[in-house]
Amino acid sequence: MKILTCPLNGPRNIAEFSYGGEVTAMPDPNGCSDAEWADHLMMADNTAGIVREWWCHIASAYWFIAERNTVTDEIIRTYPASEVFKQRIDFDAPDGGGGR
Amino acid sequence: MPFGLLKYGLSRRYPVERQLPPRPDLKPSYDVVIIGGGGHGLAAAYYLSRYHGITDVAVLDKGYLGGGNTARNTAIIRSNYLTPEGVAFYDESLRLFRGLSHELDFNILYSERGHLTLAHTDAAIRTSRWRAEVNTHLGVESRLVFPEEIARIEPTLNLSRATRYPVLGALYHVPGAVARHDAVAWGYAIRAAERGVELHPKTEVTAIEQTGGRVSAVVTDRGRIRCGAVIQAVAGMSSVVAKMAGFRLPIRSIPLQACVSQPLKPFLNTIVVSGSLHIYVSQSSRGELVMGSASDPYPLYSSRSSLEFAEGLMAHILELFPFLGEVKLMRQWAGVTDMTPDFAPVMGLSPLAGYYLDAGWGTWGFKATPACGLNMAALVATGEVPDRIAPFTLDRFADLRLLGEKGAASVGH
């Protein structure tokens, strides 16, 4: 059994968690080009080494960030997303929310 | 004869037949450099030398030939995919596999078994019917079968209704086959080398140089080589090598685990797959059960295997074949796969001119070996993307023209 330490629930079996992808900077959805948005959706650094990743504790639906070595599977550190994301992101479309 | 054998055994010099030439020194320049000496790279080298007269080719591999995912897959060949593009591509591959022992004059132990994809839910029946219709339309023999017929095709399969997930039906793909995966790589390597292709195992690429937007040289731990064209065929490490060439890919490297049991007398006729139970199993010509499961739940560049995998797999295998309860596992392993967002491969041009991509081989690479090699060779020789692989372009991710193959490419959905 591999243990992942959830910042909210403490050390738990990694089977209780879901992997959510690399932490990447999101381009401004209202200002970026289609190509930039497609790149953000599809492409990945897929780094062999230490990567910052999203993880979710499924039972409590709690999302957080883990730093993990993708070659050795060693988990270096886990912490709440609020350490990285200080500001709320609003998804208002330019026309005021997409209507309908 | 016993005396001859004794003499051979006591001899100090064994007359070993050497099929592959010893590794030569690297030349300063080649027309084509192929990074990756697995089935795909060796197939491309063979077709370049055999059908396009291009023999100034070097195949480089960090390890030994055919030692990566070519040696780690479960050797299943089928063309019962979901998208018309996928079905046409994998069916070309299946047809090439059928004639491959003859083409290479090297026995790849190709064996047609039939392929059953079990459906345990109404949704799975619907997907099976969809696949059967697409396949039939494109001339591929697949049809929906129900428990009465499944019992005739695979008599030892547990079709009891008193299980957690009773079998409601199956997609029966008659031409489904297995082959000796190592022999595919060896056959291509031997015949390519006979035509002058140089094989360079234990040669690691450390950098890729470009001039004016075009690839110009490949730097290895044995020296720098100039080249006119490069094929990257390193599934599992695609993102790492593409980074040297200066671009990113829509790929996550995720381990796929597999295992074999001790050898048993032949009892399993077909290749049995279950998407709901996340398993697949076939019986090798040695009698071992070759078994696999869904991809690992998160990315990792490691071929370690886990107890969780073996436990999860066995629970479901025993549901389908309860009499295997006393059978022992012999080996388990993993291979690192290139998972793409749409479960289809990436073949063709790259952002770097003269640098060709053979990547995105998640859990569907071995069965594509001949068709991929044939089309990649045609691409490099003519400079034009063959129609067969045009839909698999890297550009589809920017244009959002994905080839949704998830329902047919894996057991992990």
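Is Asp338(B) buried or exposed? Asp338(B) is buried, because 27 other C-beta atoms lie within 10 Å. The cut-offs are these: buried means 20 or more other C-beta atoms within 10 Å of the residue's own, exposed means 12 or fewer, partly exposed is in between, and C-beta atoms are placed from the backbone.

Some ground rules. This is a predicted model, where local features need pLDDT of at least 70 and side-chain atom pairs count only at pLDDT 80 or more, while totals for chains, interfaces and linings use all residues. Residues are numbered from 1 along each chain as its sequence is written, and chains are lettered from A and ligands numbered from 1 in the order in which they are written.

Back to Asp338(B). Asp338(B) sits in strand β17 of chain B, residues 329-339. Strands are DSSP runs of E, at least two residues, and helices are runs of H or I, at least four, numbered from the N terminus. Leaving out residues up to four places away in sequence, Asp338(B) touches several residues, among them Ala235(B), Ile251(B) and Trp361(B). A contact means C-beta atoms, placed from the backbone, within 7 Å. Gly360(B), also on that list, is 22 residues from Asp338(B) in sequence, yet their C-alpha atoms are 4.8 Å apart.

Now chain A. Chain A has 1 helix and 6 strands, in the order β-β-β-α-β-β-β. Its radius of gyration is 16 Å, well over the 13 Å that the globule rule gives for 100 residues, so chain A is more spread out than a compact globule. That radius is taken over C-alpha atoms, and the rule is 2.2 Å times the number of residues to the power 0.38. Of the 100 residues in chain A, 12% are buried.

Definitions and conventions
Contact = placed C-beta atoms within 7 Å.
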